[in-house]
Structure formats: C-alpha cells, structure tokens
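Trainee: Hey, can you walk me through this one? I'd like to start with the overall picture and then go into details.

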Amino acid sequence: AQAQREVGPAASATRLVVSGPAVFAVQSRSTIKSAVTRISLIGATLIVVLLWLVYRSVPVLVLGLLPVLSGIVEATAAVSLVYGVVQGLTLGFGTTLMGEAVDYSIYLFVQSGARVDADPRAWLDRFWPTVRLGMLTSVIGFASLLLSEFPGLAQIGAYSMAGLVTAALVTRFVLPRLLPRRLAVRDLAPLGLRLAGWLPALRRARWLPAALLLPALGVLAVLGPRMWDTRLSALSPIPPAALALDAQLRAQLGAPGGGDFIVLHAATREAALRAAEALQPRLDALVAQGAIGAYDSPARYLPSLAVQRARLAALPDAATLRARLRLAVAGLPVRAERFAPFIADAEAARARGPLSLATLRDSPLALAVDGMLEHQRDGSWLALLPLHAPAHGSLDGARIDRALAGSGAMRIDLGAVGGAVYAGYLRTAIWTSLAGLLAIAALLAIALRSPLRAWRVLMPLLISVILVCAGLLLAGQRLTLLHLVGLMLIVAIGSNYALFFDRGAHGGDGIAPRTLASLLLANVATVLGFGPLALSGVPVLASIGLTVAPGVLLALLCSAMWSQPPRAAPAAAATPR
C-alpha cells in the first residue's frame, strides 16, 4: 500500500492505494462475474428478441429455449460433479452455449414447415441424421480439450460436450412430445426461396475465398513463428493500469516482485536455515554489485540454533555489562544506572535460550517466516529467499546464477516458469485439436461413405479458420488458448451448415428453402450469442467472441459458395420444404 499526500492551497487529502496478489484475485473474480452477468443478459436478450421476431409465438419461443436451458443446467451439473467447482471462465463460455444449442430447435421448427404436426417423424426421418452427425462432430472436437492439462480448458470441453448432447437429445426425444397438435410456426419458406435464388451467384463467386486464401496463408507463413502468444499474462483479466500501479508500488517500497526466488532444499528445518545463512555472503555481494536490490531470508528472523547459541554465548553476564557500561559512560552526562532495563533484557535473553517457530507464533514475524520456510510432504524443508530488483533496473539473472554456482541453491523465475508451463499447455492443446480434427474427418468419411464428400464438408470450414487466423494476426492479435477454442467452435458449428448443403447436393432436389432459412436463422443466433463476448472487456472471453462471431459467418458463406449443385434439377411444381 502507498499513502500519497496531495497538498492543495487550502486543504490536504490522503489517498490510500492498495495492490498485490490478493487485490488482483478479488478484481479478477469481480471482473469475470460482472462480465459473465452482462454477457448472459445481452446474449439472451438478443436471441430471445430474434426468435420472437421470427416465430411471433410465445409457446414456440418457450419450447425453443427448452433445449438450451436443459443443456446449460446439465452442463453445469456435470462439470460440478467431475471437477468440484465451475470456474468463472467456464461459466463465461457456457453462457454462449445458447448461441449454438438453440440451433437444434430452430432446425426442428423451421424445417418442419408452417405448422408442426403432432407426429414429428417426418422431420426426424429426413433431418435428424444430419443434425445428429453435426452434433457428433462438435462433441469429438470438444473431446480433444479433455486431454489438456490446463484445468480451464478441460472444463470448457466437458461443459460443451454435456451441454450440446443434452440440447440435441432434448430436441430429439422431449421437444416433439411437448408440441401441441395446432402449434403454428411462422413459415420462412419465402425467405428461403430468396436465399435459394442467391445460391447460383454465390457458387460462381467461390473464387473469392480461394483468392483470399493465398494471401492468408502468406500471412500465416510470415507471422507463423510469432502467431501464438505463450505469455501466461495474455490470459489475465487484470487491466494493464493495475499491473503498472503494482510495479510502481513495489519499486517505491522495495518489495519483491513476487516472481524471483532463491530456493534451498534441506532435510530438516535447521539445515535449511543454516543453508540460508551460508548463502548470505554471496547475496550481500550481489547487492553491492547492483545485481539485486535486496533480498529476504528466513534466517534473518529465525537464525539457526548454532548462530543463536553463538550470539547468546557472546552476551556478557549482568556484572560484566555493568562494569563495561560504567567505563563507557565515564565523562558523559549520563548515568550507567539508566541502562538497567537493557541489562535486564540481556540477562533475560541469556536465560530464555534460542528462539523457535513456536516462540514467534504469536508475533508479526511468524507470517514472514512461514512464507519463507515450507515443510514438504516427504518431511524435507524448503527455504525461499525472495529477491528485490534494484531501484532503477531489473534483476541480473546471469550474474545471480553465477554467484549461486556450487551452493546447492537454485534461482526460480516464477514468470518464466509459468510461461513455460502455459507454453506446454498450448502445444498440447494444438496437437490434441489437430487430432480432434482428424477424428472429425474420419467420422465424416465413415458417415458420408465418401472421403471426397467429407473433404467437401471440411474444406469451407478450414478456409474459414485460416481466414480468421490471418485476420486476427493482421489486426495485431497473437493467438492464445481461447482463440484455439474459438477456432474449434468454427469447425463445430460450421459443420452443421456444410452438412446440410452436402445433404441437399446429394438428395436429388437440392437444399430446401426452409432449410436455407433455418441455417441463416441459426447463424444469426450464434453470432448474437458469441458476439457480445468481444465487448466483454475480459481478454479471455473477448478472444472467443472475436474468433467465433466472424468465423461462423464465413463458415456459412463458404459452405454456400463451395456447395455442389443438386444432381437432379427440382421439379417446377415442387413444394418448398
């Protein structure tokens, strides 16, 4: 904390500024909580308004949200049971599940026609296999996140899988049974017919994404080595101003940065204290050289028994102290008797003996010692010596390492260690995502019984992913774990669009107008669900929004552009489905 006095012409005021890990923890929780609440309200409101404008029916609206709400409740319960707690990041991501899960009820209502019959077997027979395959591709994609050692990423994978499976199953088995016989649904066939009229022009413009693909690949090739941000701070919701204030306060107070320690390992607590004392000459030399500003040591507050006994033995007895004091004050305007309390304290220290942790337990020094002496599970002890940076500069790591050579001590930079751990998480997530993509390709090839059809389904999705990556890099963003999740979402959501276009191409009469309308409505709902994340103010959530919202739009457009014309022309008098 720092007290700053601002003196004005007529009055003065004192401002207390507080910073540190505890403050950051509270700020992070508050920031994520408020962002999640705001995003949930905005996303839910936008989707409900959209569905109301389309359906114009309260019963249809309520029934359409049933799979979404069921998926959110089931996903939250599943993550709570498996992990014990649902992290704020998972909840923030989970609120956007509405944008994807609502697609299933949209497909049911819009594709079924202007009036939903009590017997939904027609829709189940014709469209459910395609919806089911799209859901399975999403589940396989998110299953790869379960292999991540990063807890938040694994939770997102489990949450998404449980939520999407629940929403799809509710749409398949529960929602049709709740539909009344005379449930009117607004007929979107006219909108679908207009969209169908644009399809030939879109197919002729398929050269456009192909033309953009080449420069996008060039961007990835040039910026590839720097495209991934391996800094753990990239996921922090703490604003830069708060971090700058913390660094300023630490510099003014000479407090350690919280990231650099010297670690000593010993079999006993006493041995750890002796090792810390033996290291002090080297650290004092580093301070004199300016390599470090200062350091803390547990031996400063609780010396080893050997040092304490030597110091106690050096204390003269009471008679010797009195004699030396009389000689010291001779000729001075002070009487030796004034030092009687000092002599009493010295005698009490001689009688009390060495200090111990139990002695310090009720003193303010106990907190300092506990923070620098750690008892390990195997019975050994660690002594942690925090390092302070110089007042105007930074720690000289190379000089510190040379000074520690042969001492058995090790310097640890928590920032570098955290970055290395996060970089490992990122590499693992990238490889598992690629494995998930291969699994999706295998599933499509098996389900569609044609590797060529599977490639035509995946190609527009891969083009969308590449274009989004290049766009983010050109906008000055480096990709993080959450961008990777967003890219997977593009494939997961976009696979539904591509599969419906593939079904239309191989169904003999092309994609039906109502199916086109349902795809557009589902796409807009997804954008409205994920779009607010981009304005959340939380970097980890904004990364998903900035990736998914434009990505699913591209996925729909590319799927339409690269769709195949129907094998047989539709009959002139065919009724739109």
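This is a predicted model: local features need pLDDT of at least 70, side-chain atom pairs count only at pLDDT 80 or more; totals for chains, interfaces and linings use all residues.

Trainee: Okay. How many helices and strands does the chain have?

Mentor: There are 23 helices and nine strands. Those are DSSP runs numbered from the N terminus, where helices are H or I with at least four residues and strands are E with at least two.

Trainee: And what share of the residues is buried?

Mentor: Buried residues are 46% of the 577 in the chain. Buried means under 20% relative accessible area, exposed means over 50%, and partly exposed is in between, using a 1.4 Å probe and protein chains only.

Trainee: Let's go inside. Which residues touch the most other members of the largest nonpolar core?

Mentor: Y55, I106, F109, L444 and L481 do, out of 110 residues in that core. Helix α21, residues 481-506, gives the most to this core, with 16 residues. A nonpolar core here is a set of buried Ala, Val, Leu, Ile, Met, Phe, Trp, Tyr and Cys residues joined through side-chain atoms within 4.5 Å.

Trainee: What does L481 touch?

Mentor: Not counting residues up to four places away in sequence, L481 touches F150, L153, Y422, Y425, L426 and A429. Contact means heavy atoms within 4.5 Å.

Trainee: While we're at α7, is T171 buried or exposed?

Mentor: T171 is in helix α7 and is buried, with a relative accessible area of 1%. Leaving aside neighbours within four places in sequence, T171 is in contact with P67, Y104, S105, L108 and P176.

Trainee: Switching topic: which residues make the nonpolar surface patch?

Mentor: V49, W52, L53, V58 and V62 make that patch, which is about 450 Å². Patches are made of residues with over 30% relative accessible area and no salt bridge; like charges are joined within 9 Å, and nonpolar side chains (Val, Leu, Ile, Met, Phe, Trp, Tyr) within 5 Å.

Trainee: Which helix gives the most to it?

Mentor: α1 does, with three residues. Both α1 (21-55) and α2 (58-83) supply at least two residues each. W52 is in helix α1 and is partly exposed, at 37% relative accessible area.

Trainee: Now charges. How many salt bridges turn up in the whole structure?

Mentor: Seven. A salt bridge is a side-chain nitrogen of Lys or Arg within 4 Å of a carboxyl oxygen of Asp or Glu. One of them joins E347 and R350 at 3.6 Å, N to O. E347 and R350 are separated by about one helical turn because they are three residues apart in helix α15 (residues 340-352).

Trainee: And which residue forms a salt bridge with R453?

Mentor: D502 does, the closest N and O atoms being 2.4 Å apart. That pair links distant parts of the chain, with R453 in helix α20 (residues 451-474) and D502 in helix α21, 49 residues apart. D502 counts as buried, at 10% relative accessibility. There's also a network of salt bridges linking D260, D401 and R411.

Trainee: Last one: how many disulfides are there?

Mentor: Zero in the whole structure, a disulfide being a pair of cysteine sulfur atoms within 2.5 Å. As for cysteines, C469 is buried at 7% relative accessible area, and C558 is buried at 2%.

How values were computed
Residues are numbered from 1 along each chain as its sequence is written. Side-chain values use heavy atoms; hydrogens and water are left out. Accessible areas come from the Shrake-Rupley method with a 1.4 Å probe; for residues, only the protein chains shown count as cover.
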